[in-house]
Amino acid sequence: MAVALKSSVDAGVPRRRPRSLAQEVVVDLTRQIDDGALRQGDKLPTESELMRLQGVSRTVVREAISRMQAAGLVETRHGIGSFVLGPPNGQSFCIDPTDLVTIHDILKVLQLRQSLESAAAGIAALQRTQADLDALALILREFREHLDAGRDTVDLDFRFHLTIAKATGNRYFVEFMSYLGQTVIPRTRINTASLGKETQQRYLERVHDEHEAIYRAIQQQDSRAASSVMQAHLNHSAERLHSTLAR
């Protein structure tokens, strides 16, 4: 049983948070598959129907479906819909967002991301298309607009990393990022800005600047630079968490 602490941040342990809305949708649909309410080959309700049934936004529904795709629970056929592949395999790789309780847990996921995403950025620099560059540029512009307006940027942060995975042309990078969803963004689990003793605005300004550096390297098809700046970007998050543990 966990011992109560005065401050979760001072102790280097964020409070346990409930599952994200997307994960709640995944859990509910997976339970229906386990119970036989949804059988192999069945078509899932449409996005609009799931939004109504689950009481969530379209973005949440899409993230949930992406996670289920990555977990091998459903497949999506373009223009038709998503279909159940079968009950979950008990031996499937799994990172439950609710297990990311301590800074140590978040650091372990970051270590995994550092090796995979730095490689993905390098590959994306060589394989990217103009459509990939346009998508990344649009996300950067929207991130800037949200930042200036004081609006949430977590979804845009995740989309930036997911779009780089897509630019590799390797579906396994995409499936990995889709599987993790927004749990790959440390500030969804803990207030990373406060850990670095800087304002949230300044912290997000720096995140945006680092994203722009990654974009420029990919745009210039500089594989080594793209890999390096992505590694540095993720290192900065890890360093902030390590410094908190050291304190």
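Helix axes here are lines fitted to C-alpha atoms over the stretch in contact, and the angle between two of them runs from 0 to 180 degrees between their N-to-C directions. Keep that in mind as you look at these close-ups, which all come from a predicted model.

**View 1. Helix α6 packs against helix α9.** Helix α6 covers residues 154-167, and its axis lies 12 Å from that of α9, at an angle of about 15°. Angles under 35 degrees count as roughly parallel, and α6 and α9 are therefore roughly parallel to each other. Their crossing is left-handed. On the α6 side, look for Asp 157, Phe 160, His 161 and Ile 164. They meet Val 207, His 211, Ile 214, Tyr 215 and Ile 218 of α9. Sorted by class, this contact has 6 nonpolar, 2 polar and 1 charged residues.

**View 2. Helix α5 meets helix α9.** What is the angle at which the axes of α5 and α9 cross? It is roughly 165°, and the axes come within 11 Å. Here α5 spans residues 130-149 and α9 spans residues 200-219. Angles over 145 degrees count as roughly antiparallel, so α5 is roughly antiparallel to α9. The crossing of α5 and α9 is left-handed. From α5, the contact uses Leu 133, Leu 136, Ala 137, Leu 140, Phe 143, Arg 144 and Leu 147. From α9, the partners include Leu 204, Val 207, His 208, His 211, Tyr 215 and Ile 218. The residues of this α5 and α9 contact divide into 10 nonpolar, 4 polar and 3 charged.

**View 3. Helix α2 crosses helix α3.** Now find α2 (residues 47-54) and α3 (residues 58-70), whose axes come within 9 Å and cross at roughly 105°. Because angles from 65 to 115 degrees count as roughly perpendicular, α2 and α3 are roughly perpendicular to each other. Glu 47, Ser 48, Leu 50 and Met 51 of α2 touch the other helix, where Arg 58, Val 61, Arg 62 and Ile 65 of α3 take part. Which classes do these residues fall into? There are 4 nonpolar, 1 polar and 3 charged residues in the contact of α2 with α3.

**View 4. Arg 77 sits over the ring of Phe 83.** Zoom in on this pair of side chains, and you will find the charged end of Arg 77 placed 3.9 Å from the centre of the Phe 83 ring. How many aromatic pairs does the structure hold? The count is 0.

Technical notes: Residues numbered from 1 in each chain as written. Predicted model: local features only at pLDDT ≥ 70, side-chain atom pairs only at ≥ 80, totals over all residues. Heavy atoms only, no water. Helix = DSSP H or I, 4+ residues; strand = E, 2+ residues; numbered from the N terminus. Left-handed = near helix turned anticlockwise from the far one by under 90°. Contact = heavy atoms within 4.5 Å. Nonpolar A, V, L, I, M, F, W, Y, C, P; charged D, E, K, R; others polar. Phe/Tyr/Trp six-rings, centres within 6.5 Å; stacked < 30°, edge-to-face > 60°. Lys NZ or Arg CZ within 6 Å of the ring centre and 35° of its normal.
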